[in-house]
Amino acid sequence: MADVKEDGPTSPDVHFEPIVKLAPVEIKTLEENEEEVFRIRAKLFRYFNNGESTEWKERGVGDVKILKSNNDETKYRLVMRREKTFKLCANHYLLPSMELKANCDSDRAFVWNTPADFADEEPKAETLAIRFANAENAKKFKTAFQDCQERLTSDEKKDEEKPAEETDDVAEKLGDLTVKDDNKEDESKAEEESKTKENGDAKEESKDETTEK
């Protein structure tokens with residue numbers, strides 16, 4: 001006797017329309033007006049000191065980025081967000097005075113100070129340390145960090161040279177104005193002298209006419 005296979009009940013394709021339709025929300029990271037110069041994965045630490053104890057505290061693991069402002073080419077910002085939560089753990093501008101030092105003579109970790117980090121919304125002076133998976137990644141970060149600092153230094157020198165050039169231009173323009181003013185004064189004096197002479201001649205003529213009468 002052949003086996004009889006009983007097919008189970010088939011479930012129909014059911015489609016339910018959502019009760020509430022939500023419009024897509026645009027999430028802004030405040031990085032829209034910046035150009036990404038560098039990005040690499042790392043782990044960040046913050047030096048904690050409350051006056052009683054000191055220790056390094058982990059701030060998070062994620063991609064550390066260096067961003068260049070599209071509105072102001074003289075500004076570079078270091079930003080790092082924690083994985084999954086995307087919460088800021090580093091957010092500060094790069095300065096030419098910042099010194100990137102090897103941490104405990106390691107070839108894959110660095111330490112530096114920033115006078116104002118905005119990761120906690122309010123600016124705070126921080127000592128930060130960053131560690132990479134290998135020495136090659138650490139070298140790439142150091143190169144990008146210092147390249148941006150060199151650009152900032154060159155931009156500062158250009159800004160210092162601009163006022164001197166502008167001062168020279170202003171001095172030249174003032175010199176031209178002075179020459180023009182002197183010429184105007186000479187012309188006005190000549191006109192006054194000629195008018196005085198004409199008035200004197202007219203007076204003499206009137207005297208002669210009176211004498212003849």
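Is R39 buried, partly exposed or exposed? R39 is partly exposed, with a relative accessible area of 42%. Welcome to this structure, which is a predicted model. A search of the whole of it finds 12 salt bridges and zero disulfides.

**R39 and its partner**

- R39 forms a salt bridge with E36, and the closest N and O atoms of the two are 3.0 Å apart.
- E36 is partly exposed, at 39% relative accessibility, and R39 is partly exposed as well, at 42%.

**R77 and E34: a link between strands**

- R77 is found in strand β3.
- The side chain of R77 meets that of E34 in a salt bridge, with 2.5 Å from N to O.
- This pair ties together distant parts of the chain, since R77 sits in β3 (residues 76–81) and E34 in strand β1, 43 residues apart.
- Both partners are covered: R77 counts as buried at 12% relative accessibility, and E34 is buried with a relative accessible area of 16%.
- To be called buried, a residue must have under 20% relative accessible area, so R77 and E34 both qualify.
- R77 has another side-chain partner to look for: a polar contact of 2.7 Å joins its side chain to that of N91.
- Beyond its neighbours within four places in sequence, R77 is in contact with L30, E31, E34, K65, I66, L67, N91, H92 and Y93.

**K65 in strand β2**

- K65 lies in strand β2, which covers residues 54–69.
- K65 counts as buried, at 10% relative accessibility.
- The side chains of K65 and E31 are joined by a polar contact of 2.8 Å.
- Once neighbours within four places in sequence are set aside, the contacts of K65 are E31, E36, F38, R39, R77, L78 and V79.

- K124 and D120 meet through their side chains in a salt bridge, with 3.2 Å from N to O.
- Salt bridges that share partners join R46, R59, D120, K124 and E126 into one network.

- I19, V20 and L22 make a nonpolar surface patch of about 420 Å².
- I19 is found in the segment before β1, the strand that spans residues 34–49.
- I19 is exposed, with a relative accessible area of 87%.
- The cut-off for exposed is over 50% relative accessible area, so I19 belongs in that class.

- Where do C104 and C148 stand, buried or exposed?
- C104 is exposed, with a relative accessible area of 72%, whereas C148 is buried, with a relative accessible area of 1%.
- The search of the whole structure for disulfides comes back with zero.

Terms used: Residues numbered from 1 in each chain as written. Predicted model: local features only at pLDDT ≥ 70, side-chain atom pairs only at ≥ 80, totals over all residues. Heavy atoms only, no water. Disulfide = S-S within 2.5 Å. Buried < 20%, exposed > 50% of the residue type's maximum accessible area, 1.4 Å probe, protein only. Patch = residues over 30% accessible without salt bridge, like charges linked within 9 Å, V, L, I, M, F, W, Y side chains within 5 Å. Areas by Shrake-Rupley, 256 points an atom, 1.4 Å probe, with all protein chains shown as cover. Salt bridge = Lys/Arg side-chain N within 4 Å of Asp/Glu carboxyl O. Helix = DSSP H or I, 4+ residues; strand = E, 2+ residues; numbered from the N terminus. Polar contact = N/O pair within 3.5 Å; in protein donor to acceptor, adjacent residues only side chain to side chain. Contact = heavy atoms within 4.5 Å.
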